[in-house]
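Visitor: I have not looked at this structure before. Could you take me through it?

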Amino acid sequence: MSLEQLKENTLYQPLLLGAVALLASASLAWAASATRDAIAAAEARDLRDSLAQVLPEGFADNDLLADSAQVEVGEAKPLTVYRARLGGTPQGTVFKVVGKGYAGPITILMAVDRDGRTLGVRVLKHTETPGLGDKIEIGKADWITTLSGKTLESARWAVKKDGGEFDQFAGATITPRAVLNAVRGGLETFARHREAMLGLPQDGEPAGKAIARKEGKSS
Amino acid sequence: MSGTIRTLVRDGLWDNNVVFAQMLALCPAMAVTTSGTNGLGMGLASTAVLVVANVLVSLLRHIISPQVRIPVFIVLIASLVTVVDMVLNAWLHELYKVLGLFIALIVVNCAILGRAEAFASRSNPWHALIDGLAMGIGFTGALTLIGLIREFLGSGTLFAQASQLLGPAFSFLEIRVAGYGGALLMILPPGAFAVLGFLLAGKRVIDARREARAAAAATPATA
């Protein structure tokens, strides 16, 4: 029986499709396992770079990536926090907040010290209008640096148009408003869950569910 | 170069260009081309997928039955794109950060399915390879051109961030027009439609002129 006759057989179609799907899945599984470690390493490097941007130099001497924890903050998902320590003493914490931007979510990384003061804020990902809303990026404007060094009480967390103290952008008010709301929300979360997020001992309760806790032993 | 190959190359680059003649793959052509660098990156990634998909389909053309050819092509192309996505993320992470969003879009690039169906499934692997390369380079050229025009008019730069895509040696490509803030409209979606419209009109004019000249050259010879 030639291949042409075989192709006319009704059974040939599902078998061919099955074989192709099997081969495709096998190659995908192989590629996924071959790249898994390299991808994890690249993502860890990215995270380390952004952590270095929001924390002042010399603020912490521990490996923040190895000192992360999942803290229950009363939302659907626990919040991942990275704890900054100097000589083993908790100094501050770094975590992500998400703002509701004009065109989609704005992912923000913020660092807060033990007194609830913002150390640094950076926008990691956003889909705001280029040329208008993208001034929240550090590469486009230094607006985001005006959010550093403020506590929940010391600043009026709103744009000037809403009676706050931060500049809005010409033609884009929703974007900076979203960033300010998200950062204020982050500070409020910190105020409520300070001990867990810093990794301080709490009365009776464990300090968050730590996945790994390697304290800086350099001191 | 034999005649067939020359035709294949000319088809891919100009006569049957993916964007300007076949009018396929307009989704990535519109969405990605906010800068020349983005267009170039998307074009190169699509070319890689197009070449491999063409060769694979051509090699398998005898065992693929006509009844299930479309699902087979789609499974092949989708797996290929996913592998490219993972490989870029793992070993060319800087490039992935620039292109990451667009890689998955290659799956829905109808030009790739179009070439598999219209050409690779009835040609030998060598011709399929050349066709994939030519079509890919034509697509890359079109995307880069649209990107450069939009970038120049919209933000007053050329090849911004090219060194992130191609390596620090290419930073000389990055040009900034001093004192020009750019017309925002060109970066936004309407700019893409406007630029594509003008480029299509331009190609038609050139083709019409060439035809007229060929006709004029032919008339005295026959007379």
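Visitor: How many residues of chain B are in contact with chain A?
Guide: This is a predicted model. On the chain A side of the contact there are 19 residues. On the chain B side the number is 22.

Visitor: Which residues touch the most other members of the largest nonpolar core?
Guide: The largest nonpolar core has 50 residues. Elements giving two or more residues to this core are α2 (12-54) of chain A and, from chain B, α3, α4, α5 (93-103), α6, α7 and α10 (189-222). Of these, α4(B) gives the most, with 11 residues. The members that touch the most others are B:V49 and B:A53.

Visitor: Which residues is B:A53 in contact with, leaving aside its neighbours within four places in sequence?
Guide: Contact here takes C-beta atoms within 7 Å. On that basis the partners of B:A53 are B:L76, B:I77, B:L80, B:I112 and B:A116.

Visitor: How many residues are in the other core, which lies apart from that one?
Guide: Members of this other core include A:V54, A:L55, A:I136 and A:L198. Its count is 38 residues.

Visitor: Why do the buried residues of α6(B) line one face of the helix?
Guide: The buried residues of helix α6 (residues 110-118) of chain B are B:A111, B:I112, B:R115 and B:A116. Seen down the helix axis, the buried residues of α6(B) line one face because they fall within an arc of 140°.

Visitor: Is B:A25 buried or exposed?
Guide: B:A25 sits in the loop between α1 and α2 of chain B, and its phi is near 55°, a positive value in a residue other than glycine. Most residues other than glycine have a negative phi. A residue is buried with 20 or more other C-beta atoms within 10 Å. B:A25 has 25 such neighbours, so it counts as buried.

Visitor: How many other C-beta atoms lie within 10 Å of B:M23?
Guide: B:M23 is in the loop between α1 (3-15) and α2 (26-31) of chain B, with phi near 55°. B:M23 is partly exposed, and its number of other C-beta atoms within 10 Å is 13.

Notes
Residues are numbered from 1 along each chain as its sequence is written. Chains are lettered from A and ligands numbered from 1 in the order in which they are written. This is a predicted model: local features need pLDDT of at least 70, side-chain atom pairs count only at pLDDT 80 or more; totals for chains, interfaces and linings use all residues. A residue is buried if 20 or more other C-beta atoms lie within 10 Å of its own, exposed if 12 or fewer, and partly exposed in between; C-beta atoms are placed from the backbone. Helices (H or I, at least four residues) and strands (E, at least two) are DSSP runs, numbered from the N terminus. The arc is that of the directions from the helix axis to the C-beta atoms. Two residues are in contact if their C-beta atoms, placed from the backbone, lie within 7 Å. A nonpolar core is a set of buried Ala, Val, Leu, Ile, Met, Phe, Trp, Tyr and Cys residues joined through C-beta atoms within 7 Å.
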